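My entries follow in the order in which I made them.

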Amino acid sequence: MAWAAAATSKSPLLILSRSSPIQSVSLARRPAPEGLRLGSRRPRPAKLVCHRAKNAAYDPDPIAAFAAEQEKNGHNGTLQPSEGQKQHLCAACAKGHACQTVITQTRQMRALIDAKKPYRVHSVFKHLVDEGHRPSLVTYTTRLIALTHQRMFESIPLLLAQVELAGLRPDSIFFNALINASVEAKRMGEAINTFYRMKHSGCHPTTSTFNILIKGYGIVGKPEESQRIFDMMGVEGSVTPNLMTYNILVKAWCDQRNLEEAWNIMGKMRECGVEPDIVTYNTIASTYANNDQTWRAEELIVEIQTRVRTSERTWGIIIGGYCREGRLEEAFRCVQQMKDAGVLPNVVIFNTLLKGFLDANDMAAVENVLGLMEQFGIKPDIVTFSHQLNAFSSFGHMAKCMKVFDKMIEAGIEPDPQVYSILAKGYVRAQQPEKAEELLLQMSQIGIRPNVITFTTVISGWCSVANMENAMRVYGKMRESGVHPNLRTFETLIWGYSEQKQPWKAEEVLHMMQETGVKPKQSTYNLIADAWKAVRLIETTNRANLSSDGHHVTNKSDHFR
C-alpha cells in the first residue's frame, strides 16, 4: 500500500513487521561489526502475530488495517479525534510549533506513571487527541513507557504505527523505551534487533541502552550474555559503564545464585575506580535472604555499616527474609535495630511485616503492626490495604474485605486494577461470580480499565459454578474491550469445560488460542487429556453398572475419540 511504500522510502521511522508484536524499524539488518557479535548467529525475529482486533482471526494484520483506514480518510499522518470531538488541530500543532497544552499533558502522563497509575495515561492521551492536539514524540514515548508498566505489549504495535503516521523521527530515548518494552516482555531477540536498527538509524546507543540490554539478559536468566553485552561497551568507545551498569550486572549473576561471579564483578568495580554502593550490597544481601540465609545478609549489613549508610531497603530485605522464614520475632527485632542505626521504618517495612503476620494468620500481631504504623506517623498506602484485602479474599471473607476497602477509600487512596482483581477473587471464592462481574462495570464507570487478571478471575468464577455460557460471554467482553487473553485465561476455560465433562469443547479452546497467538504449554495439553480421561472413566463405569444389571451396552466410544 502507499503508506508502507512511502514509509520504507523514509529514514529510520518505525514500520511494523508482521513477524513480531513489538517489532520496530523496517530496515534491512546489517552484519554487526566483528566486535559486536553476541554469538554464533544473529537473533531472528520472533514469529509472533499481534491480533488486537475483536475478530483477529479474520484480520491478520490490524496495524496495516489501521494505517489503511487513516490513509483512506485523508488523515495525512495524524492521529484523529474520536467521532463527535473537535475535527481540527490547534493553531500551534497545525504549524508544527511547540504546543503548551501537549507539553503540560505529557508531563501529567509522566506524573501518573510516577504515581503508579499508568492505567490513567491512556485517557489523558485520548483527551489530548480529541481536543485537536498533535502528540509529540515525547508524548508517544511516555505512553510507550505506560504500556510497558502495564505489560500491555500487544498494544505497542498500534502506537508504533501512530508514530510512523505522524511522521516523527525516533530518538535514542524512544529507542531505549522500545528496547526496554521488549526486555520486559522477555523478547531479547526483538530487543537486540531494535538495538542494531537504532545504530543503523544514526542514533548512538547510550549507557542506558546497554544497561537495559544487560538487565534483559539477567531477566531471562542468561548472565553470560549480560557479561557479553557489558564487554561490548568497550568496543563502542564513547560508552563507558557506570555504577548502575555494574549493579545491574551484579544482579544478573545474583539472580542465578552465582555469588562467586557477583563478588568478582564487585572486585572489578573497585579496579575501575567505581566503589560499590548500598544498592550493590543490597543485591548481595537479597540473594542470601532469598536462599533462606537471612542471617548471612544481616552479618553482611552489620559489616559494611562503617563504610556505607544502610537504607530502608536494606532493612526491608532482612525483615522480609526473616518473615519468609517464619522467624517473625527476628523481623520485629530488626525494626528496633533500624532505629538504633538511625533509619526510621517506612511504609514498605511495615507492609512487609504486615504480610508476614497475615500469612501466619496472626491477626493480633497484624493489629499491633497497624497500631505501630500509627505511632510512627506512617500512613498506610495501597499495598497496606492490598495485603489485607488479599488475605481476606483468599478465604472468601467479603464482609471483612469490603470493610478494609471502605477504609482505603476513606483514606483517599484510589483503587487500581489489582485491587479490583483481589476483590473479584474474593467473590469467586465466596461462590458469587455475579458480584465479581459487577466489579467490571464499576471499574468502567470510574475510568479504570480492567486488566487480563481481572477478566480471567471473573471467568474462573463462572467456571467454578458450572456456567460456561457466562464464562464465554465475559471472555467476549474481554476481547471487545481490547484486553488480550493470556495462557491462564485459556487454561481456565479449558478447566471449566473439563469440569463439565465436555472435553470436545476444551479442544475448541485450543483453536481460540491459535487465533489469538497464545501458545499452549504442556500444562494445557495435560488439562485436555485429563478431561478426556474423566469422560472415558465415567463411560466405563456406566458400562460396568449396566452390565451388572444385565442390560445391553451400546458402544459410544467413537463419540469421545
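Entry 1. I started in helix α11 (residues 223-236), where R228 and E225 sit 3 residues apart, which means about one helical turn lies between them. The model is a predicted one. I found a salt bridge between R228 and E225, with the closest N and O atoms 3.5 Å apart.

Entry 2. I moved on to helix α12 (residues 243-255). D255 and K251 are 4 residues apart there, so about one helical turn separates them. Their side chains meet in a salt bridge, at 3.0 Å from N to O. I looked up the accessibility of both partners. D255 is partly exposed at 41% relative accessibility, and K251 is partly exposed at 43%. I also noted a network: K117, R120 and E414 are joined by salt bridges that share partners.

Entry 3. How many salt bridges does the structure hold? I got 15. I then picked the one formed by E184 and K215, where the closest N and O atoms are 2.9 Å apart. This pair links distant parts of the chain, with E184 in helix α8 (residues 172-184) and K215 in helix α10 (residues 207-219), 31 residues apart. I put E184 down as partly exposed, at 22% relative accessibility. K215 is partly exposed as well, with a relative accessible area of 27%.

Entry 4. I turned to helix packing. Two packed helices are described by the angle between their axes and by the distance between those axes. For helix α23 (residues 433-445) and helix α24 (residues 452-464) I got an angle of about 155° and axes 8 Å apart. The angle is over 145 degrees, so I recorded α23 as roughly antiparallel to α24. The crossing of α23 past α24 is left-handed.

Entry 5. Which residues make this contact? On α23 I listed P433, E434, A436, E437, L440 and M443. On α24 I listed T454, F455, V458, G461 and W462. Sorted by class, the residues of the contact between α23 and α24 come to 7 nonpolar, 2 polar and 2 charged.

How values were computed. Residues are numbered from 1 along each chain as its sequence is written. This is a predicted model: local features need pLDDT of at least 70, side-chain atom pairs count only at pLDDT 80 or more; totals for chains, interfaces and linings use all residues. Side-chain values use heavy atoms; hydrogens and water are left out. A salt bridge is a side-chain nitrogen of Lys or Arg within 4 Å of a carboxyl oxygen of Asp or Glu. Helices (H or I, at least four residues) and strands (E, at least two) are DSSP runs, numbered from the N terminus. Buried means under 20% relative accessible area, exposed over 50%, partly exposed in between (1.4 Å probe, protein chains only). Axes are lines fitted to C-alpha atoms, for helices over the stretch in contact, and angles run from 0 to 180 degrees between N-to-C directions. Angles under 35 degrees count as roughly parallel, over 145 as roughly antiparallel, 65 to 115 as roughly perpendicular and the rest as oblique. A crossing is left-handed if the near helix is turned anticlockwise from the far one by less than a right angle, and right-handed if clockwise. Contact means heavy atoms within 4.5 Å. Ala, Val, Leu, Ile, Met, Phe, Trp, Tyr, Cys and Pro count as nonpolar, Asp, Glu, Lys and Arg as charged, and the others, Gly among them, as polar.
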